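Q: I'm new to this one. Can you walk me through it?

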Amino acid sequence: MTRVPGRHIKTFVSILIMIVLGPLGNVLLRKGMQDITVPATWMALAAHVLSSGTIWLGIACLTGYVFAEMLVLSWADYSYVQPVAASAYGVAAVLGHVMLGEDVSRLRWLGIGVICLGVLMVGRTSSRTTEVRRA
Amino acid sequence: MTPLVLLIAVIAGTSGELCLARAMRSIGEVSDFHPSALIHILARVVGLPWVWLGLTRRSRELASQ
């Protein structure tokens, strides 16, 4: 496999964006939905959701996440991107604890640590194993 | 109920990601990150059925969460 200059950096930056924006978007959506009291009708629920700045911010983060994912998948292996992006579970645990006040147990942290260990192992492999053409 | 919802989320999410990966592989490596170049690529991407299939499945995953 030929080494393309800059591919390593753009892969790192794209996956970093995914790792930050994915969990942040999910946490903001959860926080936004928690702030909404259960309305009587679907229309009232939709009105509450559409008027929530937190939910819109969550949607914006998840849109950015999908764009970063699509970009990185244009040059990196799917079997590389998804396992490496699993380090987002660590970010999700931190955000859940800090922003949502969740109690993350030691066992849960241990499980996340195992995931991060797997991410380190996958991260040591080549991000591309097949030929790729330029867009 | 929760294992079933989780199973749906996993299947929808994974198949959605695979569809996106297939679509982006057909586009080729994005190497120009200038806004005009990205808009040009976006215009090509929205014309691919695999992208819409992928995004639909990803939204199902989100809905099941």
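Q: Which way do H1(A) and H5(A) cross, left-handed or right-handed?
A: Right-handed. A crossing is right-handed if the near helix is turned clockwise from the far one by less than a right angle, and left-handed if anticlockwise.

Q: What residues make that contact of H1(A) and H5(A)?
A: From H1(A), they include A:Ile19, A:Leu24, A:Val27 and A:Gln34. From H5(A), they include A:Ala88, A:Val91, A:Leu95 and A:Met99. Contact means heavy atoms within 4.5 Å.

Q: How do the residues of that contact divide?
A: Into 11 nonpolar, two polar and two charged. Nonpolar covers Ala, Val, Leu, Ile, Met, Phe, Trp, Tyr, Cys and Pro; charged covers Asp, Glu, Lys and Arg; the others, Gly among them, are polar.

Q: At what angle do the axes of H1 and H5 of chain A cross?
A: At roughly 35°, and the axes come within 9 Å. H1 is residues 7-34 and H5 is residues 88-100. Axes are lines fitted to C-alpha atoms, for helices over the stretch in contact; angles run from 0 to 180 degrees between N-to-C directions.

Q: Where does this model come from, and how is it numbered?
A: It is a predicted model: local features need pLDDT of at least 70, side-chain atom pairs count only at pLDDT 80 or more, and totals for chains, interfaces and linings use all residues. Residues are numbered from 1 along each chain as its sequence is written, chains are lettered from A and ligands numbered from 1 in the order written, and side-chain values use heavy atoms, leaving out hydrogens and water.

Q: What about H4(A) and H6(A), how do they cross?
A: Their axes come within 8 Å and cross at roughly 150°. That makes H4(A) roughly antiparallel to H6(A), a term for angles over 145 degrees. The crossing is left-handed.

Q: Which residues meet there?
A: A:Ser79, A:Tyr80, A:Pro83 and A:Val84 in H4(A) meet A:Val119, A:Val122 and A:Gly123 in H6(A). They divide into five nonpolar, two polar and no charged.

Q: Zooming out, how many helices and strands are in chain A?
A: Six helices and zero strands. Helices (H or I, at least four residues) and strands (E, at least two) are DSSP runs, numbered from the N terminus.

Q: And in chain B?
A: Three helices and zero strands.

Technical notes:
Parallel < 35°, antiparallel > 145°, perpendicular 65-115°, else oblique.
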